Amino acid sequence: MILPVAHTKIHPDQKLGESVQQLLLTKIAVYLMTFLIVTVAWAAHVRLFQVIELIDDVLALLNLACMMIITFLPYTFSLMASFPGVPFGIFLFSVCAVVIGLIQAVIVVYGFYHPHLLNQQIQVSENQNFYKRHILKIILRGPVLCLLAAIFSFFFIPLSYLLLGLVIVFPHLSRFITWCKTKIVGPREEEEASYSLETFSFYLSEPLSKERVEAFSDGVYAIVATLLILDICEDNVPDPREVGEKFHGSLLEALSEYGPNYLAYFGSFVTIGLLWFVHHSLFLYVTKATRLMGLLNILSLAFIGGLPLAYQLTSEFAEKSHNEIEAIQVSCVITFFASIFQFAIWTTALLHERETLHPFARYGGKEHAFMFAKLALYPCVSLGAFFLTCLLSEFSTEIFHLMQIVIPFAFLALRIFVRISLTVIKSVMSLSRRKVVLLEEEEACLSPTETHS
């Protein structure tokens, strides 16, 4: 899903204000929607293989077919983003999602037909048919919505997009409705019987494990970094004939024209690397990821996937693009949302710190203060750079490059700054406590004399 957005080409002579409405906003909106749908399918796939623990040759081939269809989804997304008003792109994406759901359903049916492949808890259960019906109902909800989206794509395209968006929110909406019914009416017997199945469902109470969330996140960061490397290898190698004719065989002179491209590459790569470092540091302190933390992490990863687009826009500075200010602002917005959702993960973890955080990282400790400062750095700097480019548009490029240079050194100096700040705060607090103690002692000394008089 990231690749079509990363390869969005805007000619330097083309005004970004017009192209945003026609191209960028459409691609970004469709990208966010399809990325979130894929994460829903990924979560369902993870839960599926928590129910089926052993795999034979048939299941391996079925899973391979499922993966083949999933890898085809970026192509269908490209069609949707490039031709948002044409039904076939939406139809093809929806049909792929339906086929993925059907293959997962076949995997469930095959697994229950061979019970030795199932989870031990389900193997010994006397209600295997109930388990199978319940799991199939969960798996097929998304594909049913996608099937309706495919049908309506030929009649009313906005309704198709609405149905695809419903695939994302439906799990959370369904859980919220169930919670409201439980509070008003009370739990039904069927719900109580299905309570043991909640660890399977990607939209019921039990979240994905911390390890699965980290593995998926590392995969996204690795793909984004790889796309940056491929872009600079593909677009910034001079043509041998041009080097011979224009630069008289001087490769160094030819490469000097790509200076801004290299600067944009290193700046973008450092941004991705530091955001991954912050993400890694955050989950070192996390013992358990809640459902809300998982959702915020997916939203952060969705904007991380937009960083190659930011590189494409800022690398055009070498061609004296007319869109420097807009390109910088788009880059700042992408970085801001990618980092602010990481900050929101930490805030959410603090709300349930006894359940989600290690004791040494909880509220009030030194590590908590350092983590807070580390997570707040990118949102503050990107937001500051955005507003500075609005106020000082003539120096927008210099401000952006200064931001990229300063942040790595700020990370290095952050722990020293936090320690100094904590020392100053403790000193001020101790002085204020001393003053309070002295006042209390003076009052204690004065009170006997007042009583005697």
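Is glutamate 53 buried, partly exposed or exposed? Glutamate 53 is partly exposed, because its relative accessible area is 47%. Here are the cut-offs: buried is under 20% relative accessible area, exposed is over 50%, and partly exposed is in between, with a 1.4 Å probe and protein chains only.

Some ground rules first. This is a predicted model, so local features need pLDDT of at least 70, side-chain atom pairs count only at pLDDT 80 or more, and totals for chains, interfaces and linings use all residues. Residues are numbered from 1 along each chain as its sequence is written, and side-chain values use heavy atoms, with hydrogens and water left out.

Now, confidence. pLDDT is the predictor's confidence in each residue, from 0 to 100. The protein has a mean pLDDT of 76, and 74% of its residues reach 70 or more. Confidence is highest in helix 4, at 88. It is lowest in helix 8, residues 189–193, at a mean of 50. Over residues 192–205, pLDDT stays under 50. The model still has 42 contacts beyond four places in sequence for that stretch. Contact here means heavy atoms within 4.5 Å. Where pLDDT is low, the predicted coordinates should not be read in detail.

Next, the overall picture. The protein has 18 helices and 0 strands. Both are DSSP runs numbered from the N terminus: helices are H or I with at least four residues, strands are E with at least two. The protein has 453 residues, and 45% of them count as buried. Take contacts between residues at least 6 apart in sequence: 79% of those join residues at least 24 apart.

Back to glutamate 53. Its place is the loop between helix 2 (16–51) and helix 3 (57–82). Setting aside residues up to four places away in sequence, glutamate 53 touches Leu117, Leu118, Asn119 and Gln120. Glutamate 53 and leucine 117 are 64 residues apart in sequence, yet 6.0 Å apart in space, C-alpha to C-alpha.

On to helix packing. Two packed helices are described by the angle between their axes and the distance between the axes. The axes are lines fitted to C-alpha atoms, for helices over the stretch in contact, and angles run from 0 to 180 degrees between N-to-C directions.

Look at helix 4 (residues 87–113) and helix 6 (residues 128–152). They pack at an angle of about 170°, with axes 7 Å apart. Therefore helix 4 is roughly antiparallel to helix 6. The scale is this: under 35 degrees is roughly parallel, over 145 roughly antiparallel, 65 to 115 roughly perpendicular, and the rest oblique. Their contact has 19 nonpolar, 4 polar and 1 charged residues. In this count Ala, Val, Leu, Ile, Met, Phe, Trp, Tyr, Cys and Pro are nonpolar, Asp, Glu, Lys and Arg are charged, and the others, Gly among them, are polar. Helix 4 brings residues including Phe91, Val98, Gln104 and Phe112, while helix 6 brings residues including Tyr131, Ile139 and Cys146.

Stay with glutamine 104, in helix 4. Glutamine 104 is buried, because its relative accessible area is 5%. Beyond its neighbours within four places in sequence, glutamine 104 contacts Ala41, Ala44, His45, Leu48, Cys66 and Ile139.

Which helix comes within 7 Å of helix 6, axis to axis, at roughly 170°? One answer is helix 7, residues 157–184. So helix 6 is roughly antiparallel to helix 7. This contact has 12 nonpolar, 3 polar and 1 charged residues. Among them are Cys146 and Phe152 from helix 6, and Leu163 and Phe170 from helix 7.

Phenylalanine 152 gets its own moment. It is partly exposed, because its relative accessible area is 31%. With neighbours within four places left aside, phenylalanine 152 contacts Ile157, Leu159, Ser160 and Leu163. Phenylalanine 152 and leucine 163 are 11 residues apart in sequence and 9.3 Å apart, C-alpha to C-alpha.

Now two cysteines. Cysteine 66 is buried, because its relative accessibility is 0%. Cysteine 146 is also buried, at 2%. How many disulfides does a search of the whole structure find? The search finds 0. The test is a pair of cysteine sulfur atoms within 2.5 Å.

One last residue. Alanine 43 sits in helix 2. Alanine 43 is buried, because its relative accessible area is 10%. Alanine 43 and valine 213 are 170 residues apart in sequence, and 9.6 Å apart in space, C-alpha to C-alpha.
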